[in-house]
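Dear colleague,

I am handing over the structure we spoke about, with the sequence alongside. Please have both open while you read the notes below.

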Amino acid sequence: MRQLMLGNKAVARGLYEAGVCFISSYPGTPSTEITEEAAKYDEIYCEWAPNEKVAMESAFGACLAGRRAFCAQKHVGLNVAADPLYTMSYTGVNAGLVIGVADDAGMHSSQNEQDSRHHAIAAKVPMLEPSDSAEALAFAKAAYEISEQFDTPVLLKMCTRVAHSQSVVETGERNVPVKQYEKNIAKYVMMPGNAKRRHPIVEERTKALREYAETSPLNRVEMGGTQLGIITSSTSYQYVKEVFGDSVSVLKLGIVNPLPEKLILDFAAKVEKLAVVEELDPIIEEHVRRLGLAVTGKDVLPMIDEFSQNLLAKALGGEVHTGRTLSEQVPVRPPVMCAGCPHRGLFYTLKKNNCTVLGDIGCYTLGAVQPLGAMEMTLCMGASIGALHGFNKILGSESEGKTVAVIGDSTFMHSGMTGLANVAYNQSNSTVIILDNSITGMTGHQQNPTTGYNIKGDPAGKIDLEALCRAMGFDRVRVVDPYDLAQCDQVLKEELAVAEPSVIISRRPCALLKYVKHKAPLAVDTDKCIGCKSCMRIGCPAISMKDGKARVDNTLCVGCGVCSQLCRKDAFVSTGKEA
Amino acid sequence: MQTKNIMIVGVGGRGSLLASKLLGHLLLSQGYDVKVSEVHGMSQRGGSVVTYVRYGDRVYSPVINQGEADYIVSFELLEAARWLPYLKEDGQIVTNTQQIDPMPVITGAAQYPEDLVEKMKAAGAKVDALDCLALAEEAGSAKAVNIVLLGRLSHYFDLPEEAWMASLEANVPAKFLEMNKKAFALGKNA
């Protein structure tokens with residue numbers, strides 16, 4: 001059936017049709033929907049793992065057991081899973097194993113703009129790169145054929161514009177190939193003696209894959225005008241076709257590692273000038289140069305941000321569209337914590353106490369933006385706790401009484417636990433705050449090991465954060481309600497004051513969770529409001545100033561009451577209408 | 001047919017994904033090649049969001065650039081103004097007149113510009129502005145702003161009413177269908 005399908009959903013469909021039986025992933029924009037959509041097929045076992053490394057190792061175990069397996073992550077997630085990946089390249093697979101990785105050029109929802117093709121090259125595994133949903137589906141299936149034919153894990157690389165764009169696909173039937181597990185110590189036990197014998201196999205495999213890439217239909221030449229020949233892949237291919245149509249010739253690469261040589265040389269010989277159009281790093285371009293060809297690429301195209309048709313037209317000579325402009329500046333609209341977000345009260349307390357806050361990855365990273373401005377470092381998943389430990393070890397009493405790490409429940413499970421183990425083991429006087437909103441929020445509400453539910457919403461094992469922290473050796477584990485500012489303030493002061501490490505769990509479910517019952521929205525008694533703007537300090541999108549008085553947007557307000565605790569005139573009143 | 005471009009712009013988390021889903025369904029049913037590009041994740045948390053809908057004989061790029069949009073459908077007035085440079089020379093803006101203050105306005109670091117509809121018209125844009133929130137509430141739910149806007153947009157399309165209704169039926173839950181049909185009609189006839 002011809003239908004419009006999100007790129008990530010098309011990958012999930014491809015996995016279904018390829019007979020995949022096991023998927024383990026950790027959510028991360030823009031990769032999350034692959035696993036969410038796959039979980040809708042009853043035939044595929046799907047799960048959220050605590051992190052990408054565990055997910056990839058689990059998928060490896062499933063492929064070893066003889067069923068096609070998959071795991072997905074965002075680009076930075078592949079860093080976490082790089083350890084198993086680089087050695088799985090040596091062991092190879094039993095049933096097919098494909099690893100989805102989604103890059104985020106333009107950093108719509110990421111902390112860096114790394115190009116995951118480097119991982120494919122460094123790990124010496126093939127990488128396929130679809131340019132729309134139809135290819136996402138087809139390439140997912142092709143990846144399993146390559147995986148089993150060449151005995152290798154295969155990377156399937158998405159990017160935001162392919163992952164989060166819908167285009168037309170045709171679906172097919174599911175077919176489930178099954179293999180038997182056979183003990184093979186020389187292949188699967190990577191100790192030095194065995195690994196030494198596997199490495200040459202990896203190098204030979206790359207040669208064979210390069211030969212395969214020369215003639216594979218995943219790479220194709222579209223001859224048009226021969227004045228300019230463009231080598232491209234992924235969403236860049238779409239921009240090239242949009243701007244130049246058939247006026248140029250195109251070598252469209254679906255396999256971006258390893259890159260073909262003869263195919264590129266033959267293509268170059270047919271055109272007068274050669275250009276490479278690729279987002280982020282000049283990987284294809286440098287390969288082309290090593291073949292001794294003159295080529296245009298990053299000399300005219302940027303290494304930062306995503307491309308577009310206008311950008312290409314400007315750089316390579318095409319029609320550039322321009323629009324009209326308004327005579328006046330339009331204020332920016334940055335993302336904000338939602339009205340009723342439980343993180344808000346906690347960050348307000350941290351700011352009020354003038355704390356140095358080392359942060360982590362999640363919705364609560366928005367604690368860094370004004371007017372809260374209450375976060376001073378964010379690096380990667382789990383880094384807050386490690387960084388706090390190092391910070392306090394150097395500054396000692398100078399920082400211990402006013403510095404904290406903040407980390408979400410899902411991020412803590414992902415890679416915060418090991419940081420906390422280090423605090424316990426090497427004994428820094430650190431205060432770690434776990435922001436437990438009972439869900440993985442930023443990526444769109446995925447369950448995690450602390451929520452008690454699995455990917456399908458069914459009851460699952462539930463890790464008790466307090467018991468876990470105590471088992472690690474923390475005697476001081478406190479729980480606060482972030483809607484209660486007085487309690488947050490008191491507990492924070494106490495834990496910063498004591499001369500031993502402590503954990504504060506700030507617990508309240510995400511305000512957007514469907515099961516959360518909200519109070520009636522608040523309203524402002526304009527007779528009482530003196531316009532002091534105390535309530536504006538928390539950066540709630542539901543509160544604004546109108547004619548010198550505070551005003552509450554009753555379509556946004558969920559009655560959390562944090563603002564009313566700041567009001568000295570008791571001007572916030574309940575509207576009494578439960579949402 | 002040359003590719004046509006519709007931008008749906010607004011504030012994160014307020015129903016633009018349903019609008020683009022419905023449009024995609026509609027245009028596919030009319031035999032076009034269609035691409036829809038969305039924003040997920042961090043950008044959704046109350047920030048400025050944009051969804052691109054493109055259709056024609058063969059659509060390549062999933063995104064719309066400056067000066068390319070045939071239609072800009074806006075859930076909020078400031079967002080219509082923000083994306084104005086994306087409007088084609090003879091393009092049409094269909095916008096809700098609702099104003100939602102962004103954080104810099106809330107904190108007092110910036111002012112919400114006044115008379116935006118007039119200013120956009122002065123810049124040469126064709127602007128169809130209506131109070132979609134009031135119409136949505138009249139239909140039965142403040143959440144139906146998206147459908148009111150689509151009803152208004154349908155005004156500019158030469159497509160049979162049944163096709164719009166079929167897409168509405170395929171994309172909204174049955175229990176809200178009548179309310180959404182009313183919202184659509186209110187937008188169309190406003």
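This is a predicted model: local features need pLDDT of at least 70, side-chain atom pairs count only at pLDDT 80 or more; totals for chains, interfaces and linings use all residues.

I begin with the contact between the chains, in which 50 residues of chain B are in contact with 48 residues of chain A. On the side of chain B that touches chain A, at least two residues each come from H1, strand E2 (33–37), helix H2 (77–82), helix H3 (103–106) and helix H4 (116–122) of chain B, and E2(B) gives the most, with five residues. By class, the residues on that side of chain B divide into 26 nonpolar, 16 polar and eight charged.

E2(B) also takes part in a sheet that draws on both chains, an open one of eight strands in the order E1(A)-E8(A)-E2(B)-E3(B)-E1(B)-E4(B)-E5(B)-E6(B), with mixed pairing. Its edge strands, each of which pairs on one side only, are strand E1 (2–6) of chain A and strand E6 (126–130) of chain B, and the twist averages 20° from one strand to the next. In general, the strands of a sheet pair through backbone hydrogen bonds, either parallel or antiparallel. Strand E8 (residues 165–170) of chain A pairs with E2(B) in the antiparallel sense over two bridges, and here A:Gln166 stands opposite B:Val36 in E2(B). E2(B) is likewise antiparallel to strand E3 (residues 48–56) of chain B, with which it pairs over five bridges, and B:Lys35 stands opposite B:Arg54 in E3(B).

Two helices pack on this sheet. H1(A) touches E1 and E8 of chain A, and its direction makes about 115° with that of E1(A), whereas H1(B) touches E1 and E8 of chain A together with strand E1 (4–11), E2 and E3 of chain B, and its direction makes about 0° with that of E3(B). Helix H1 (residues 7–17) of chain A is mostly covered, since 10 of its 11 residues are buried; among them are A:Lys9, A:Arg13 and A:Tyr16. Just after H1(A), A:Gly19 takes a positive phi of about 85°.

Helix H1 (residues 16–29) of chain B also packs against helix H7 (residues 161–171) of chain B, at an angle of about 130° and with the axes 9 Å apart; the two helices are therefore oblique to each other, and their crossing is right-handed. Among the residues that meet there are B:Leu22 and B:Leu26 in H1(B) and B:Trp164 and B:Leu168 in H7(B), and by class the contact has eight nonpolar, four polar and one charged residues.

In chain A, the axes of helix H3 (residues 52–64) and helix H5 (residues 82–91) come within 8 Å and cross at roughly 30°, and H3(A) and H5(A) are therefore roughly parallel to each other. A:Lys53, A:Met56, A:Glu57 and A:Phe60 of H3(A) make this contact with A:Asp83, A:Pro84, A:Leu85 and A:Met88 of H5(A), which by class gives five nonpolar, no polar and three charged residues.

Finally, A:Asp115 lies in the loop between strand E5 (97–103) and helix H6 (117–123) of chain A. Not counting residues up to four places away in sequence, A:Asp115 touches A:Asp103, A:Leu280, A:Asp281 and A:Ile283.

With best wishes

Notes: Residues are numbered from 1 along each chain as its sequence is written. Chains are lettered from A and ligands numbered from 1 in the order in which they are written. Axes are lines fitted to C-alpha atoms, for helices over the stretch in contact, and angles run from 0 to 180 degrees between N-to-C directions. Helices (H or I, at least four residues) and strands (E, at least two) are DSSP runs, numbered from the N terminus. Angles under 35 degrees count as roughly parallel, over 145 as roughly antiparallel, 65 to 115 as roughly perpendicular and the rest as oblique. A crossing is left-handed if the near helix is turned anticlockwise from the far one by less than a right angle, and right-handed if clockwise. Two residues are in contact if their C-beta atoms, placed from the backbone, lie within 7 Å. Ala, Val, Leu, Ile, Met, Phe, Trp, Tyr, Cys and Pro count as nonpolar, Asp, Glu, Lys and Arg as charged, and the others, Gly among them, as polar. Two strands pair if DSSP finds at least two bridges between them. A residue is buried if 20 or more other C-beta atoms lie within 10 Å of its own, exposed if 12 or fewer, and partly exposed in between; C-beta atoms are placed from the backbone.
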